[in-house]
Amino acid sequence: MKILLVINNFDPSAGGASAIALTEVETLVSLGHEVFVFTAGQAKIGWAGKQNGYKIFSLPLFRTRYLWQGYVCLRRLSAEKEFKKILKSVNPEIVHFHNLYHQLPFSLIRIVNKFGTRVLYTAHDVMT
């Protein structure tokens, strides 16, 4: 099964949601699933490579003034554009969202629903 995990920061050394996502990814890979991670926080756009059986696609970390974070967490066109490309190329059967903030907006869930893929959302820390 193809599974796409979406998390705003995939840095397991930071702990919290990132460590949980890494445990999930490693478990899914060990069960024979094809796993992809979509994240923000790297320096450039693109595939960051394949690590331990899963592929990571990264966007640059978007800096947003605190005043605008509440608005931007709803919609960020540049993140949506790249996410649509990944959905088309990966064609996952399930998309699991871990954390959505101003880096990766809540509008990504709507995009997945329109794409016709199953959605799972785990709210570790919520910015609503």
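## About the model

Residues are numbered from 1 along each chain as its sequence is written, and side-chain values use heavy atoms, with hydrogens and water left out. Because the model is predicted, local features need pLDDT of at least 70 and side-chain atom pairs count only at pLDDT 80 or more, while totals for chains, interfaces and linings use all residues.

## Aromatic pairs

Rings of Phe, Tyr and Trp (its six-membered ring) pair if their centres lie within 6.5 Å; planes under 30 degrees apart are stacked, over 60 edge-to-face, and the rest tilted. One of the pairs joins Phe 10 and Tyr 54 edge-to-face, at 6.2 Å centre to centre and 90 degrees between the planes. Phe 10 sits in the loop between strand 1 (2–9) and helix 1 (16–30), and Tyr 54 lies 44 residues away in strand 4 (residues 54–60). Helices (H or I, at least four residues) and strands (E, at least two) are DSSP runs, numbered from the N terminus.

Phe 10 is buried at 11% relative accessibility, and Tyr 54 is buried at 3%. Buried means under 20% relative accessible area, exposed over 50%, and partly exposed in between (1.4 Å probe, protein chains only).

## A ring cluster

Ring pairs also link Phe 38, Phe 57, Phe 83 and Phe 97 into a cluster. Phe 83 and Phe 97 are both buried.

## Helix 4

In helix 4 (residues 107–115), the buried residues are Ser 107, Leu 108, Ile 109, Ile 111 and Val 112. Just after helix 4, Gly 116 takes a positive phi of about 90 degrees.
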